[in-house]
Amino acid sequence: MISRFDPWRSGLCTCPPKLTFNPYTGCDHQCIYCYATSYIQNFGDCRPKKEALATLRREAIKLSGETVSISNSSDPYPHVEASVGLTRRCLEILAENNCRIQIITKSNLVTRDYDLLSKIPSTVALTITTIDDNLAKVLEPYAPPPSQRVRAAQDLTKAGIPVSVRIDPIIPTINDQPHKLIAELASVGVKHITASTYKAKVDNWMRLTKALPQVAERLKPLYFQQGERIGGSILLPKEFRYKLLKSVRDLALSSGMRFGVCREGLSGLNTAPCDGSWLMPKAKEAKQCQIA
Ligand code: SF4
């Protein structure tokens, strides 16, 4: 269940070494740009992993102090987590085995687990692609609105849990001017931005075309005539990605944050480890964190 973090094996990942696991298979947020739908069957049918807790207990006992990222293929806080509590039980097991935890989520439900996260070395990466709740309804129809995620970032930072924000993916002409978002995040104590451009895959491009036909028409030549094919994805042209990401980097730095890019082949833009792992407190500091 726990495996080495090595997304897509494309050679583009610059994350420091870490482990990963997913409590759930599939995700019910149904983001139109989701990449995981291309390699996990029935992805919209979110289900707890079979024997998740027993298997995790067996595997976690062999660990000592590793960083575990939860989760990278599916959100660890789907709607069902509110009643099932599987992710919370997994966090308890990892904490008992002295792991460091990196949460990646699009849900404000993560704030429910303040008490646990503030006692162990942990960081939370909230994905927030736009500050506009209406636009988010198109891009991420069943995820909690961005306004709730910004509030979650504020609550977590107040509780002493370091928060980074992933602006991922950035889709040209849709959410490539995140001035207001970054200003808002800086004001609630977010210290790191990770940015990544939209990577077209067959199925996510079909969803994008259906949801935003005029945008897809504008982007088609950029991706399919001038774009860069890497692995099973088509990226924007490299120079275009550089300019776009540098503009976001400039916004982040001018707001006093650090910055990293994710899977872009442009790590020269990074001012800190791309995944915000520099925010991870030492074990002793984590125990001193106060719960709000
Ligand atoms: S939250 Fe992540 S895993 Fe879930 S649908 Fe959206 S992009 Fe896919």
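Modeller: In this predicted model, A52, L53, L56, R57 and A60 of helix 1 meet L86, R89, C90, I93 and L94 of helix 3, where a contact requires C-beta atoms, placed from the backbone, within 7 Å, and helices (H or I, at least four residues) and strands (E, at least two) are DSSP runs numbered from the N terminus. By class, this contact has 8 nonpolar, no polar and 2 charged residues, with Ala, Val, Leu, Ile, Met, Phe, Trp, Tyr, Cys and Pro counted as nonpolar, Asp, Glu, Lys and Arg as charged, and the others, Gly among them, as polar.

Biologist: At what angle do the axes of helix 1 and helix 3 cross?

Modeller: Two packed helices are described by the angle between their axes and the distance between the axes. Here the axes of helix 1 (residues 52-60) and helix 3 (residues 86-96) come within 10 Å and cross at roughly 15°, the axes being lines fitted to C-alpha atoms over the stretch in contact, with angles from 0 to 180 degrees between N-to-C directions. That makes helix 1 roughly parallel to helix 3, because angles under 35 degrees count as roughly parallel, over 145 as roughly antiparallel, 65 to 115 as roughly perpendicular and the rest as oblique.

Biologist: Before we go on, which conventions apply to numbering and confidence?

Modeller: Residues are numbered from 1 along each chain as its sequence is written. Local features need pLDDT of at least 70 and side-chain atom pairs count only at pLDDT 80 or more, whereas totals for chains, interfaces and linings use all residues.

Biologist: Is I32 buried or exposed?

Modeller: A residue is buried if 20 or more other C-beta atoms, placed from the backbone, lie within 10 Å of its own, exposed if 12 or fewer, and partly exposed in between. I32 is buried, with 20 other C-beta atoms within 10 Å, and it sits in the loop between strand 3 (24-25) and strand 4 (47-48). Leaving aside residues up to four places away in sequence, I32 touches L139, N204, R207, L208 and A211.

Biologist: Which residues other than glycine have a positive phi?

Modeller: T173 is one of them, with phi of about 70°, and R263 is another, with phi near 55°.

Conventions. Contact = placed C-beta atoms within 7 Å.
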